[in-house]
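Subject: Two-chain model, handover and notes

Hello,

Here is the structure we spoke about. My notes follow below it.

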Amino acid sequence: MSAEYTILLVEDNPKDVFLIQRAFRKAEIIAQLQVVTDGDAAVQYLAGQAPYHDRLIYPLPAFVLLDLKLPRRSGAEVLSWLRQEPMLRRLPVVILTSSKEYRDVNQVYDLGANAYIVKPIDFDRLVDIIKTINLHWIIYNEKPQLGTL
Amino acid sequence: MANPLQVLVIDDNRSDRALVIRELRREFSHLTVQEIVDAKDFEQAIAKGNFDVVVTDYQLGWSDGLKILRTVKAHYPRCPVIMFTNTGTEEIAVEALKSGLDDYVLKQPNRYIRVPIAVRVALERLEMHQRAALLEIRLQGLLNQVKIGIFRSNSDGTLLEANPAFLDLLGIESPNQANELNLLDTLGYYKQLMEQSPPQQQEQEVQLQRRNGSLFWALLTTTLNTVEGVPVLDGLLEDITERKQAEIALQQLTATLEMRIRDRTAQLEATNQALEEFTYSVSHDLRAPLRIIYGFAQLLLEDLGESLNSEHLGFLQRIIANANRLDALISDLLTYSRLRQTDISLEPVSLSQVLENVLAQLEPDIQARQAQIYVEKPLPVVRANRFILIQVLINVLANAIKFVADKIQPHVRIWANQRGKYIRLWIQDNGIGIDVKQQQQIFNPFTRLHSEEEYSGTGIGLAIARKGIERLGGKIGVESQSGHGSRFWIELPTVMESL
């Protein structure tokens, strides 16, 4: 699979990972989907720390699909870390979670989330959402410059 | 007079006696006279005592009027004695009056007539004394018997008199003790009344100390009076300790009860909240595995759908359909439990705008049932929370469209009217109606009146509606008859300005 863009999925539930991967395939998106399963791994990946130091294998993503309930470091913690990192702070982050709590929604927007999407129960809707995200963040959207101050 | 008046006439002179008796008879029609002429007669008469009044001369051969007087008074202190004499001196008269003589008449020819008058006056005085004495005895008896303390004090606060009950109340033996120990602030009460305008009377509950130091509650009634030009304080003192204790006990009981109710309410609220939080987190956590079941069932259908036989296809579709139902149920449960947790703000909300939103959200159902919705505009503005009101109306309206007999086109009419400070919004349908007996239950969670085959649903919709309306400070209700449609109403506070 040769992909121009990489998308980082931070999701601890392997079944959700599987469904999201399926949805990407069904949506016929050719971006590379990298998966990490906890908050610490997400930070290591984005910071280019071991075992993710090789940017050729683990390129910086075009955006992050971030679950909120994660082991070790929560999605909100990952997000707030990211927004403090000078080289990464402009990276678009789409929250993809099962929580519809207003508290959570407001909190992560305050932390600098770019979008907040509740995982739908219907797989076909998940496919629609993935297509829309792809259109929005990959096709139409001008990507920010990373790695500059 | 029923009984004849019995008179002792004591005189050595026979004609004097006759004259006296004649005069007496003229005055008293019923009369018995004993004439006493010697010591023996007198002793017998005294021993018998059968006389009401004594008329005696002073100078007697066998005694004298003073001795007679003293003897009679010694035996019969109340018996009137009249001295009728021409031999007495002023000294004798004074001496006799001191010894209790009732009258002194000089024995002169024109004075005989005065003897019966003196007798009558003496008898009347006796009767008056007796009556007064009786009255005093009765009054004294009453004063002694009443449980209410009665007292009188003068303008410098000194206690002048008091009844036994008063002494009992304060545990003292005489009014003087009360003065010495200053058990009652009579001077203070006197001054209080002096400052008042007439009637100078007041009633107060006071806590007093007995001589032994123990305290008691009393109802004190004080009045300012004047006795022979001297101001005095008259007072009544009633022991109300028991009443006071009962009052205090009642207050304590009430306080305890209120506290227990508060505690219990707090407990119930906490339990309720814990339950709802539990519901929320369970519903929330149920969603993730449900999503997986649903998703993988869909993948199976996608991958194998064409190769499955119709039976297996049916199984798979049932899994998906039920996962869908479960999702709706979880959704409703989350909405229901979130209604409690959300902090809500009330603001003017246009019913027209809210209804537009609701109808837009229900559009798929309206289309599916070809429902006709009539809204009588304009609709007023109410004080509510927009999001909660939308939740409420979606649930009420969804029912209006759903619970309609097969092959009947749903007709829903919506209008509003003012009821005092409230706006009532009516939603009338041509549906299957609700039996009167079941109208109370339908607002409780999980109340379903129909099978899933007849009308699908979670049984939480109207519970959400009621909870939402309650959080908005409004009311919800229904008027319906089985088979004749339903008329639901919600009532919310009105807002004066229109949006």
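Helix H2 of chain A is followed by A:Gly48, whose phi is positive, near 70 degrees. Helices (H or I, at least four residues) and strands (E, at least two) are DSSP runs, numbered from the N terminus. This is a predicted model, in which local features need pLDDT of at least 70 and side-chain atom pairs count only at pLDDT 80 or more, while totals for chains, interfaces and linings use all residues. Residues are numbered from 1 along each chain as its sequence is written, and chains are lettered from A and ligands numbered from 1 in the order in which they are written.

Chain A

Chain A has 5 helices and 5 strands, and from the N terminus on they run β-α-β-α-β-α-β-α-β-α. Of its 149 residues, 34% are buried (20 or more other C-beta atoms within 10 Å of the residue's own; exposed is 12 or fewer, partly exposed is in between, and C-beta atoms are placed from the backbone). Among contacts (C-beta atoms, placed from the backbone, within 7 Å) in chain A between residues at least 6 apart in sequence, 71% join residues at least 24 apart.

In H2(A), residues 39-47, the buried residues are A:Gly39, A:Ala41, A:Ala42, A:Val43, A:Tyr45 and A:Leu46. Their cover includes strand S1 (6-10), strand S2 (32-36) and helix H3 (75-84) of chain A.

Most residues other than glycine have a negative phi, and most peptide bonds are trans. The peptide bond from A:Ala50 to A:Pro51 is cis, with omega near 5 degrees; A:Pro51 sits in the loop between H2 and strand S3 (63-66) of chain A. A:Glu28, a residue other than glycine, has a positive phi near 60 degrees. A:Glu28 lies in the loop between H1 and S2 of chain A and counts as exposed because it has 9 C-beta neighbours inside 10 Å.

Chain B

The secondary structure of chain B comes to 14 helices and 17 strands. Buried residues are 28% of its 499. For contacts in chain B between residues at least 6 apart in sequence, the share that joins residues at least 24 apart is 63%.

Chain B has a cis peptide bond from B:Lys377 to B:Pro378, with omega near 0 degrees, and B:Pro378 is in the loop between strand S12 (372-375) and strand S13 (381-384). B:Gln370, again not a glycine, has a positive phi near 55 degrees. Its place is the loop between helix H12 (363-369) and S12 of chain B, and with 9 C-beta neighbours inside 10 Å B:Gln370 is exposed.

B:Asp343 is in the loop between helix H10 (310-341) and strand S11 (347-350) of chain B. B:Asp343 counts as exposed because 5 other C-beta atoms lie within 10 Å. From B:Asp343 to B:Arg471 there are 128 residues in sequence and 9.7 Å in space, C-alpha to C-alpha.

Helix pair in chain B

Helix H3 (65-75) and helix H4 (90-98) of chain B pack at an angle of about 5 degrees, with their axes 10 Å apart (axes are lines fitted to C-alpha atoms, for helices over the stretch in contact, and angles run from 0 to 180 degrees between N-to-C directions). H3(B) is therefore roughly parallel to H4(B), a label used for angles under 35 degrees; over 145 is roughly antiparallel, 65 to 115 roughly perpendicular and the rest oblique. B:Gly65, B:Leu66 and B:Leu69 of H3(B) meet B:Ile92, B:Glu95 and B:Ala96 of H4(B).

Cores

A nonpolar core here is a set of buried Ala, Val, Leu, Ile, Met, Phe, Trp, Tyr and Cys residues joined through C-beta atoms within 7 Å. In the largest, of 46 residues, those that touch the most other members are B:Leu389, B:Val392, B:Leu393, B:Val396, B:Leu397 and B:Ile427. Helix H13 (386-402) of chain B gives the most to this core, with 9 residues. Leaving out residues up to four places away in sequence, B:Val396 touches B:Ile427, B:Ala465 and B:Phe488. Another core lies apart from it, with 40 residues, among them A:Leu19, A:Ile20, A:Ala42 and A:Val127.

Between the chains

The contact takes 10 residues from chain A and 10 residues from chain B. On the chain A side, helix H1 (14-26) and helix H5 (123-140) are the elements that give two or more residues, and H1(A) gives the most, with 3.

Regards

Note on methods. Two residues are in contact if their C-beta atoms, placed from the backbone, lie within 7 Å.
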